[in-house]
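Colleague: Could we go through this structure together? I have a few questions about individual residues and how parts of the chain are held together.

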Amino acid sequence: MSGFRIEQAGLLCTLQDQGRFGQSRLGLTTAGPADGHAFRWANALLGNAAGSCALEITLGGLQLSTEQDTAIAVCGAAVPLSINGKPKALWQGHAIKAGDRIELGMATSGVRAYLAVAGGFSVQQQFGSSATVLREGIGGLDGGKLTAGQLLPVTKQTAAMTAQPLFALPERFWPDYQSPLTLRLIEGYQCEDFSVAERQRFYQHPYQISPKSDRMGYRLQGPPLHCQRSSLLSEGICYGAVQVPPDGQPIVLLCDRQTLGGYPKLGSVLSLDCWQLAQRPAGFELNFAAISIEQAHNTLHLQEQRFWQQHSQLEVL
């Protein structure tokens, strides 16, 4: 077995694929990448199958050495990337030789970076996915965050794989993780449990990201919201649900969310905006805006079309 040896794991590094679906009845959450956009591009630049297992690196600080010839791509947060001490560009593929040393510095913009390898990391699946969930202790390598000394196995390179061209995404298509952020919300039936005045307060005032935010959910700080109902039956929690606990401070639930919850929910944030949220640091200020289900569907279709338009304009290296 060969692959990448972790020399330094940084603050938090995990293995993630597209996520674990259809297991909620067992109490298992979906997991997967916190920023699905950057994750998708990291794989696409190498010609990998969509959802191939990659590394999610929080804030940077990762150092790897490789034991075989392959290729990598790093997308997402602006982390200084170097190979054998030489600076390299993000959002493009890079050829790697056995013995090379890869280093990612600390992020200067954004929170999470994704390192994909040609063919994907070869990790055994659990319940249909190799995505790591620290709370549940499943996925990845032994269900935990990666640590120094571990070997990350990769798919054995074939002649066809090593002959594939490498691509770069033009910089004009790179996301800006410092731009203003408005989270588009599809309101749910429990939204009616909040008075008109409470809902107006929610939409008209900004919220800040709390330091107590992670892959499970982003806690926000701002005008507290009051729900007119004091008790609710627990029900399934969807991705992007905006939950309001007794302190009135909203929580946007993300990929490592719990599967059931009994707090009132205003609705669900559009998945595209959840990915942007996951790239914003503590203290970042944001707003909410209501959209219809039809608008959400249209936005998702347009984003998919935009992805393939940009894909057609990749630069061959």
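Colleague: Is R5 buried, exposed or partly exposed?

Modeller: This is a predicted model. In it, R5 has a relative accessible area of 29%, so R5 counts as partly exposed.

Colleague: Which residue forms a salt bridge with R5?

Modeller: The partner is E67, and the closest N and O atoms of the pair are 3.6 Å apart. The two residues come from distant parts of the chain, 62 residues apart: R5 is in strand 1, and E67 is in the loop between strand 4 and strand 5. E67 is partly exposed as well, with a relative accessible area of 37%.

Colleague: How many salt bridges are there by this rule?

Modeller: The count comes to 11. Another of these joins the side chains of R215 and E56, at 2.9 Å from N to O. That pair also links distant parts of the chain, 159 residues apart, with R215 in the loop between strand 14 (207-209) and strand 15 (217-221) and E56 in strand 3.

Colleague: Are R215 and E56 buried or exposed?

Modeller: Both are buried. They also belong to a network of salt bridges that links E56, R112, R215 and D256.

Colleague: What about R201, which residue does it form a salt bridge with?

Modeller: R201 forms one with E198, and their closest N and O atoms are 2.6 Å apart. The two residues are three apart in helix 3, which means that about one helical turn separates them.

Colleague: And how accessible are R201 and E198?

Modeller: R201 is partly exposed at 30% relative accessibility, whereas E198 is buried, with a relative accessible area of 12%. Leaving aside neighbours within four places in sequence, E198 is in contact with P224, L225 and H226.

Colleague: Let me change topic to strand 5. How many of its residues are buried?

Modeller: Seven of the seven are buried, so strand 5 is largely enclosed by the rest of the structure.

Colleague: Which way do its residues point?

Modeller: T70, I72, V74 and G76 point one way, while A71, A73 and C75 point the other way, and all are buried. In a regular strand, side chains alternate between the two faces of the sheet.

Colleague: Which strands pair with strand 5?

Modeller: Strand 8 (residues 93-96) pairs with strand 5 in the antiparallel sense over four bridges, and T70 stands opposite I96 there. Strand 10 pairs with strand 5 over five bridges, also in the antiparallel sense. A116 in strand 10 is the bridge partner of A73.

Colleague: Which residue caps the N-terminal end of helix 1?

Modeller: D35 is the cap: one of its side-chain oxygens lies 3.1 Å from the backbone nitrogen of H37.

Colleague: Next, K265. Is it buried or exposed?

Modeller: K265 has 9% relative accessibility, so it counts as buried. Its place is in strand 20 (residues 265-269). The K265 side chain makes a polar contact of 2.8 Å with the side chain of E235. Beyond neighbours within four places in sequence, K265 is in contact with several residues, including F194, I237 and V242.

Colleague: Which strand does strand 20 pair with, and in what sense?

Modeller: Strand 20 pairs with strand 13 in the antiparallel sense over three bridges, where G267 is the bridge partner of E187. Strand 13 (residues 181-187) also pairs in the parallel sense with strand 21 (residues 285-291), over six bridges. In strand 21, A289 is the bridge partner of R184.

Colleague: One last item: which residues form a nonpolar patch on the surface?

Modeller: L11, L59 and M106 form one, with about 280 Å² of accessible area together. L11 is found in the loop between strand 1 (3-8) and strand 2 (12-16). With a relative accessible area of 54%, L11 is exposed.

Methods: Residues are numbered from 1 along each chain as its sequence is written. This is a predicted model: local features need pLDDT of at least 70, side-chain atom pairs count only at pLDDT 80 or more; totals for chains, interfaces and linings use all residues. Side-chain values use heavy atoms; hydrogens and water are left out. Buried means under 20% relative accessible area, exposed over 50%, partly exposed in between (1.4 Å probe, protein chains only). A polar contact is a pair of N or O atoms within 3.5 Å; within protein, one must be able to donate a hydrogen and the other to accept it, and residues adjacent in sequence count only if both atoms are side-chain atoms. Contact means heavy atoms within 4.5 Å. Patches are made of residues with over 30% relative accessible area and no salt bridge: like charges are joined within 9 Å, nonpolar side chains (Val, Leu, Ile, Met, Phe, Trp, Tyr) within 5 Å. Accessible areas come from the Shrake-Rupley method with a 1.4 Å probe; for residues, only the protein chains shown count as cover. A salt bridge is a side-chain nitrogen of Lys or Arg within 4 Å of a carboxyl oxygen of Asp or Glu. Two strands pair if DSSP finds at least two bridges between them.
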